[in-house]
Amino acid sequence: MLITGENFRPHVPWIIGCGLAALAAAAWFLAESIGLAAWPSGGSRVGLVLGLGAGLICWFEFLLWPRKKMRTWRIGTVQLWLRAHIWLGLLALPLAIMHTGFRLGGPLSAATIIVFVLVIASGAWGLLMQQLIPSRILDLVPAETIVSQIPHLSRLAAHDAARLVSAVCGDSQDDEPDNYDNYLVIGASRHVGALQGRVLMTRAAPQEPIPDSLVLRSYFQNSLKPYLLSGRAGFPGLAHSRQADEYFAELRTHMPVAAHPAIAALADLCDQRRQWDRQAWLHGWLHAWLLIHLPLSVLLMILLSAHVVWALKYSTHPIPFIN
Amino acid sequence: MSINLSEEIVPVVLEGQVVELEKSAAELLTAPRVKLKIDGIEVEMPRATLATDPNTGRKFPRLTTVYDAAVEAKVAVPVLCHRDHMTPVAVCRFCTVEVGGRVLAAACHRAVEPGLDVKTHKTSAKVRKAIGVLTELLLADKHPPRGAHLESERDELLSVAAELGIKTDKPSRFPLTVRDRGRDESSMVIAVDHSSCILCDRCVRACNEIRNNQVLGRAGKGYTARIAFDLDNPMGESDCVSCGECMVSCPTGALSNRAVVEAKPWIGAKPAATAVNADDLLSHPLFEGISRAFLAWNIQSVVRRVYEPGEIVCREGEFGSSAFIIEEGDLEIFLDAEMKHAAKSKSSQRTGIFGLVKTVVTGLAKRETKSPDVDARRNYIPIDAPVSLEMARPIATLTPADILFGEMTCMSSYPRSATVRAKTRVKLLEIQRNVLYTLQRSKKAKSMLDDVYRKRSIDSHLRGVALFADAITNNAEFNAFVESMRDKVKLVRLNPGDTVFRQGDLADNFYLVRVGFVKVSQGRPGGEIAIAYIGPGGHFGEIALMSQLLELADKTLPGVRIATVSALDHVDLVSIAATDFLELLSRYPTIRAALLKEAERRLDQNRALTKKGSTEINLGEFLKQGLMDAQSLLVLDLEKCTRCDECTKACADTHQGVTRLVREGLRFENFLVASSCRSCLDPHCMVGCPVGSIRRRSSREIVIEDWCIGCGKCAENCPYGNINMHPFPTGKKMADPNQPGRTIPVVQQKATMCDLCSSLDGTPSCVYACPHDAAHRMTGGELMTLSIRRADRLAGTKS
């Protein structure tokens with residue numbers, strides 16, 4: 001969630017509320033600690049209340065996951081939930097630390113607080129990524145598409161390039177056999193509208209094969225096609241624009257001048273593929289933190305449950321309100 | 001008429017609009033009218049008329065034929081293969097007439113010539129004999145349509161035979177053919193009986209010219225000649241989309257309705273709606289000349305509803321897709337203006353950034369309305385009915401003489417402009433858009449409605465024009481003014497995109513807007529700039545006509561249009577010729593003064609716009625993409641969007657796993673307009689739905705009802721690619737044509753589009769599920785405001 005001056009207003013009540021709660025908790029904690037040799041422990045009255053608060057917040061934070069899966073439920077916008085997730089999550093950190101009394105405690109308590117800090121840190125990292133990366137994508141990837149569609153679009157680009165190479169070199173590839181649908185369709189199956197349809201090939205395809213241009217086919221098979229299909233993983237030699245410039249400059253020296261427009265079209269396709277690689281990389285940074293945040297959150301909930309049970313059942317200290 | 005690409009293209013003004021044509025075609029259209037005689041009746045006809053290609057909207061000249069002249073002379077010439085809205089092919093020769101030469105001519109195809117003396121079957125024995133033999137031969141070569149399930153249609157060939165006095169119940173001198181040319185019942189919707197087909201090609205032209213489906217053609221030669229689908233495939237296995245146009249066009253019932261698709265748009269309607277059969281409708285003068293097959297095919301598109309006194313027919317502000325024909329009784333039409341002003345919508349109470357945006361945009365809108373405008377001085381309110389309402393007491397009565405109301409809502413999908421309540425017991429015919437569209441193509445219906453305007457509506461319409469109402473306050477004087485204008489006004493009907501005149505054209509008419517909206521724009525360096533939108537009650541075209549007046553002489557070019565005016569939707573204009581307009585100015589100095597003041601205001605506004613800086617409203621690209629027409633764009637702020645696809649997933653979750661939005665589309669600054677229905681003000685998608693399943697119910701969103709037949713017409717019509725065809729399982733199975741012995745499931749294509757989650761709770765799930773405040777629904781104007789603000793901010797940062 002991008003937080004800027006322009007859209008800061010909805011966050012203000014949360015910041016004030018959470019800030020006041022944190023200050024109140026700190027004041028109480030300090031007041032309780034006066035006259036004590038050490039900071040109040042998690043089993044003390046203030047420690048227990050703060051721990052309970054932090055624990056409840058953790059459970060609420062965890063509920064964002066199922067909330068996001070129940071997309072048709074009208075129980076508050078996901079945006080509201082996420083705002084609460086961010087600020088309550090940050091509030092939980094001082095509460096939890098005060099609950100520990102600034103001690104790691106036993107192995108279970110230590111593991112719980114360490115995982116908790118890691119969860120908060122990974123979430124903060126994710127929030128930071130959300131501030132930076134969307135605008136980077138806007139700047140660096142003008143040919144941005146839907147990430148999940150990149151393999152499909154890569155295949156289409158490779159297919160178009162193959163047709164272009166065939167038009168230049170004169171060899172036609174065998175058409176793929178038609179696959180019959182395994183169902184019968186009633187009604188129109190056309191896809192229409194001003195924004196649809198592919199119009200590549202109108203610019204660079206020559207009318208008839210160009211003599212002395214067979215070398216293009218081997219270039220295409222060995223490097224261009226793997227790159228268009230798989231990006232950097234397919235042929236690293238085209239992954240950087242400078243490398244690509246050198247590659248196509250060399251290719252032009254082997255090809256007749258009449259084929260140069262086709263080479264320019266292939267270079268454009270490679271540039272587009274390079275942007276998709278960049279997009280996938282940025283997309284990875286934008287979402288990779290979830291691979292840490294989510295499993296750690298699950299682990300935290302397990303540890304937290306165990307910690308609660310352990311503390312209530314096996315604690316050697318008297319527990320306020322209970323004992 | 002073929003197009004000669006090397007020929008010079010010239011703009012000409014025809015039937016109230018500017019058309020670019022080849023020079024020879026333009027000369028033909030502007031050539032002097034010719035006089036000819038039809039059965040001794042003298043008529044005067046133009047050499048050619050302007051026709052519109054139904055698919056491309058392109059204007060082209062159509063030579064006036066002897067058949068057109070016969071219609072003008074009110075001489076009935078029998079036709080079979082000819083239809084007014086199709087290209088004449090003259091294959092049946094039923095319209096044969098004598099034109100003085102050795103051979104007979106087909107009236108539908110023979111162009112008019114000066115001095116032509118035409119004799120039809122009524123006055124020429126030779127013609128009568130020729131048509132008689134033709135009829136007998138065709139009757140001998142065709143069987144009556146077969147199949148108990150087939151809906152019986154009126155056989156036009158039998159009608160002609162009856163008119164010619166040929167007895168069909170007695171054995172003919174030509175024996176009935178024994179050849180069975182076969183039946184094709186492979187389609188689930190339409191049955192084909194080749195033995196009943198007379199090869200008139202009406203179905204072929206309907207499919208290819210009218211619907212542009214390019215499925216029907218001819219196959220075989222001689223006795224084996226027949227209509228064929230695609231490459232002579234069975235109809236059910238061809239690319240036929242079952243739109244029904246071929247069946248509607250068939251004169252003999254060879255193509256007939258299997259009545260499989262049962263549209264039931266009126267379930268639960270209160271008061272109850274009863275379907276009206278085709279014969280009943282044809283007895284109504286407004287439906288005279290409409291194809292019976294069309295009415296039968298669209299049987300649920302016209303229903304009769306009876307309202308008791310006090311019952312509400314429609315409410316102001318509701319969206320709808322129907323118009324009403326008054327059969328019996330009186331209605332009250334009125335405005336709930338006070339309630340409207342007091343009401344505060346929920347959206348206006350929004351908080352957060354979206355609320356801020358709303359506030360800003362609303363504020364801007366308010367500032368716009370504060371500008372000096374004739375609306376502020378309006379005494380009458382134009383509404384979607386043949387009457388205008390008095391501002392002080394906005395109520396009027398509609399009677400059967402008014403014939404029709406609700407046209408604008410039906411054709412252009414605007415909200416209802418007034419509330420209508422039954423005053424007495426009222427019988428109404430409620431008609432859907434596809435039927436109204438066909439009615440508007442009918443010359444008879446058009447002339448009836450024009451007549452109603454001249455006789456009944458002109459008074460309240462002119463009173464609704466603030467310019468006239470303010471200038472002539474004396475009632476008797478106003479009545480005299482209306483009387484003087486009655487025969488001078490001409491009605492002009494425009495389709496969306498039609499141009500009334502272009503910047504730089506010579507001025508010839510003054511225009512009043514009766515129905516719909518026009519856009520006034522000027523071409524400037526950097527693109528087109530829209531300077532005004534004029535709606536019902538407004539007027540335009542006066543500046544160029546008044547430029548010769550001393551007061552304006554140094555302010556504008558004499559007699560030349562300073563802007564281009566084009567129709568934004570289905571528009572009805574009232575035009576007043578330049579000479580009549582100037583006479584009006586000299587007769588009514590108050591009107592002259594008011595018009596002068598208005599013209600000066602518009603010119604000042606124009607000059608102010610020209611002086612504006614870089615962030616002026618350069619709407620060229622914005623308008624080209626149709627964004628100003630949008631009521632609910634799904635806009636993603638790409639600076640906030642994390643590409644998590646929650647919006648798409650939420651859409652799919654709401655609609656049985658099929659998403660109705662694609663997170664890809666146009667970009668303005670950092671805003672992405674996702675491919676999702678925009679709820680356009682004038683939805684192009686609604687035009688041409690053969691079963692009327694795409695429509696607005698009583699709100700903003702457009703819905704596709706479940707009786708969609710999957711023809712894809714709406715998807716084709718949507719200029720923005722926001723309607724998708726999606727296969728849904730039918731539960732049926734049939735033999736696999738590619739692998740004998742195997743059965744495959746049958747899926748039915750259906751159109752899917754965003755309905756703003758009206759099926760759920762009306763809150764779009766895409767916006768509700770966006771965790772990052774990146775997805776918003778907004779109008780085109782709001783997006784424009786946001787884009788301009790961002791551009792300004794960036795410009796400020798750079799400087």
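1. Conventions. The model is predicted, so that local features need pLDDT of at least 70 and side-chain atom pairs count only at pLDDT 80 or more, while totals for chains, interfaces and linings use all residues. Residues are numbered from 1 along each chain as its sequence is written, chains are lettered from A and ligands numbered from 1 in the order in which they are written, and side-chain values use heavy atoms, with hydrogens and water left out.

2. α5(A) against α8(A). Helix α5 (residues 150-169) of chain A packs on helix α8 (residues 260-314) of chain A at about 170 degrees, with the axes 10 Å apart; helices here are DSSP runs of H or I with at least four residues, and strands are runs of E with at least two. Axes are lines fitted to C-alpha atoms over the stretch in contact, and angles run from 0 to 180 degrees between N-to-C directions. The two helices are therefore roughly antiparallel (angles over 145 degrees). Contact residues (heavy atoms within 4.5 Å) include Ala157(A), Ala161(A) and Leu164(A) of α5(A), and Leu269(A), Arg273(A) and Trp276(A) of α8(A). By class, this contact has 13 nonpolar, two polar and one charged residue, where Ala, Val, Leu, Ile, Met, Phe, Trp, Tyr, Cys and Pro count as nonpolar, Asp, Glu, Lys and Arg as charged, and the others, Gly among them, as polar.

3. α4(A) against α8(A). The axes of helix α4 (residues 107-140) of chain A and α8(A) come within 8 Å and cross at roughly 160 degrees, which makes this pair roughly antiparallel. The contact of α4(A) with α8(A) divides into 24 nonpolar, ten polar and two charged residues.

4. α2(A) against α8(A). Helix α2 (residues 45-69) of chain A packs on α8(A) at about 140 degrees, with axes 11 Å apart. Among the residues that meet are Trp59(A) and Phe62(A) in α2(A) and Val298(A) and Met301(A) in α8(A), and the contact holds nine nonpolar, three polar and no charged residues.

5. Cavities. The structure holds 14 cavities of 30 Å³ or more, a cavity being a set of points on a 1 Å grid over the protein atoms alone where a 1.4 Å probe fits but cannot get out, with lining residues having an atom within 4 Å of a point. The largest cavity holds about 270 Å³, a volume being the space filled by probe spheres set on the points. Of its 26 lining residues, those closest to the centre are Ala385(B), Glu407(B), Arg514(B), Val515(B) and Asp572(B). The largest share of this lining, seven residues, comes from α13(B), and the lining has 13 nonpolar, five polar and eight charged residues.

Definitions and conventions. Angles under 35 degrees count as roughly parallel, over 145 as roughly antiparallel, 65 to 115 as roughly perpendicular and the rest as oblique. On a 1 Å grid over the protein atoms alone, a cavity is a set of points where a 1.4 Å probe fits but cannot get out, and a pocket is an open set with protein on both sides within 12 Å along at least five of seven lines; lining residues have an atom within 4 Å of a point.
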